[in-house]
Amino acid sequence: MATTQLDEPKGSGPGDLALRTLRAMPRAWNRFWRLVALYMPKRLYARSLIIVIAPMILLQSVVAFVFMERHWQTVTQRLSQATISDIAAVIDMMETYPHDADYANIIRIAQDRMQLKVDLLPPDPLPPPGPKPFFSILDEALSSEITKQINRPFWIDTVGNSNVVEVRVQLEGKVLRVFVRRSQAYASNTHIFLIWMVGTSLVLLMIAIPFLRNQIRPILTLAEAAESFGKGRPMPRDFRPRGAEEVRRAGFAFIQMRERIERQIEQRTAMLTGVSHDLRTILTRFKLQLALAGGKSETKAALNQDIDDMQSMLEGYLSFARGESAEDTGRFDLETYFQKLGEEAQLRGCKLATTLVGDPTVHVRPNAFARLLSNVIGNAFRYAKTVEVHANHGRGSLTVTIDDDGPGIAPDKREEVFKPFLRLDEARNLDASGTGLGLSIARDIARSHGGDVGLEDSPLGGLRAVIKVPA
């Protein structure tokens, strides 16, 4: 037997089937929750409301179902049973005392003691069954009890008059018509329970919704402050940690983080400024010594060129490290800037085409953003004959696309060109100073605005640069 089990093909036994089922359950569960997350609201306020409302609706649904199933239906069933018992008693008295031709005493007893209005009709056929109401609990209860207690042809109407129920029973040589108050056969006060339940829920929601809004407002304020800081904009003046203890802790942590970052940037800028001053002094001394020293003019010219290159690299590195972070935000006019680009294109002998969609005014750090565009577009001017610039400003975002017909950059090198001081053979990432910091500074400025710079293939055959910043 053991040998036979070992020789069975894999997955053929019930144990393997159960194992595969257990392994598939987590995947199905994950797919279910991904589907739920796809249709769930994305904002915290809406999700918090769902957390409050969903259990309340579920609880009320269960309570209403139990009440309708156990209380309402049971009470209605018993009231209908008692009413039909009274009607059956009237029929029994008529059959027991048939000598009373008009049954006046029986009709009087039914009306005085049983609150039933009884009439005797000619032996005509019963009316055809009428349409049943959508919620026919009374129809079902009365029909069931008449069939059980009287067991004669009958016709009932629970729709015509809202306060009265009409019952007709076919007897020998006559038709008994009985009018019963609906309250005698039906638990008609149950709507009060539903009204109280729904009304209480509405009151609780009116209390919960403002409370949730007050709890979520500090989180939204913290998110706006973090977003403004990420875009290089000043933090709102009225920002201070509020709300629950966890939210206040997050707000204080954000303020401390912002202060540490600003202090680090200030220290770095101060250090680089001091280093730059010292190195400039040394470079100036070198220039003076070369001017006073004798020797071949070719050698002196080469040394002077090296000193100029070192000074240019030093200025470029200082600008890159500083990152224009101290500039305040302001208005930047794209139309005016594109006019200046047209003049620059004419001087360089390049063909330039510019298009602008949306509001030409954007809210950025003007000098830094102008340098961002100048580095990227100037790089295209330097290595292409045709340049196209398209700007699209709308829905709180600005996208600037620069296409050229130059030599381009290999796809595997497009991220590396943003590294400081990196030089490619084609030198597409060199700025005017030759330091290799042009695209690095451009991306640093874009990211300080909360955006980014990316490189793609251009329809013109060269390189496409895409600048995206919130504006």
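# A guided view of the predicted chain

The protein chain exposes about 29200 Å², of which carbon and sulfur atoms supply 58%; accessible areas come from the Shrake-Rupley method with a 1.4 Å probe, and for residues only the protein chains shown count as cover. The model is predicted, so local features need pLDDT of at least 70 and side-chain atom pairs count only at pLDDT 80 or more, while totals for chains, interfaces and linings use all residues. Residues are numbered from 1 along each chain as its sequence is written, and side-chain values use heavy atoms, with hydrogens and water left out.

Of the 471 residues of the protein chain, 34% count as buried. Here buried means under 20% relative accessible area, exposed means over 50%, and partly exposed lies in between, with a 1.4 Å probe and protein chains only. The secondary structure comes to twelve helices and eleven strands; helices (H or I, at least four residues) and strands (E, at least two) are DSSP runs, numbered from the N terminus. Among contacts with a separation of 6 or more, 65% involve residues 24 or more positions apart, a contact being heavy atoms within 4.5 Å.

Five strands form an open sheet of mixed pairing, in the order β6-β8-β9-β11-β10; two strands pair if DSSP finds at least two bridges between them. At its edges stand β6 (351–358) and β10 (452–457), each of which pairs on one side only. From one strand to the next, the twist averages 15°. Axes are lines fitted to C-alpha atoms, for helices over the stretch in contact, and angles run from 0 to 180 degrees between N-to-C directions.

Two helices pack on this sheet. Helix α10 (residues 334–348) touches β6, β8 (386–394) and β9 (397–404), and its direction makes about 175° with that of β6. Helix α11 (residues 366–383) touches β6, β8, β9, β10 and β11, and its direction makes about 20° with that of β9.

Strands of a sheet pair through backbone hydrogen bonds, either parallel or antiparallel. Strands β8 and β9 pair in the antiparallel sense over eight bridges, and Val 389 stands opposite Ile 402 in β9. The hairpin of β8 and β9 has two residues between the strands, and in this hairpin Arg 395 takes a positive phi near 55°. Strand β9 is also joined to β11 by seven bridges, and the two run antiparallel; the bridge partner of Ile 402 in β11 is Ala 465. Six of the eight residues of β9 are buried, so this strand is largely enclosed by the rest of the structure. Strand β11 (residues 463–470) pairs with β10 in the antiparallel sense over six bridges, and in β11 the bridge partner of Val 453 is Ile 467.

Charged side chains come next. Side chains of opposite charge can pair when their charged atoms come close. A search of the whole structure finds 13 salt bridges, a salt bridge being a side-chain nitrogen of Lys or Arg within 4 Å of a carboxyl oxygen of Asp or Glu. One of them is formed by Arg 414 and Asp 457, whose closest N and O atoms are 2.2 Å apart. This pair links distant parts of the chain, with Arg 414 in the loop between β9 and α12 (438–448) and Asp 457 in strand β10, 43 residues apart. Arg 414 is buried, with a relative accessible area of 12%, whereas Asp 457 counts as exposed at 53%.

Arg 443 forms a salt bridge with Glu 415, the closest N and O atoms being 3.0 Å apart. Because Arg 443 lies in helix α12 and Glu 415 in the loop between β9 and α12, the pair ties together parts that are 28 residues apart in sequence. Arg 443 is buried at 9% relative accessible area, while Glu 415 is exposed at 53%. Arg 447 forms a salt bridge with Asp 452, with 3.3 Å between the closest N and O atoms. Both residues are partly exposed: Arg 447 has a relative accessible area of 47%, and Asp 452 has 29%. Salt bridges that share partners join Glu 415, Arg 443, Arg 447 and Asp 452 into one network.
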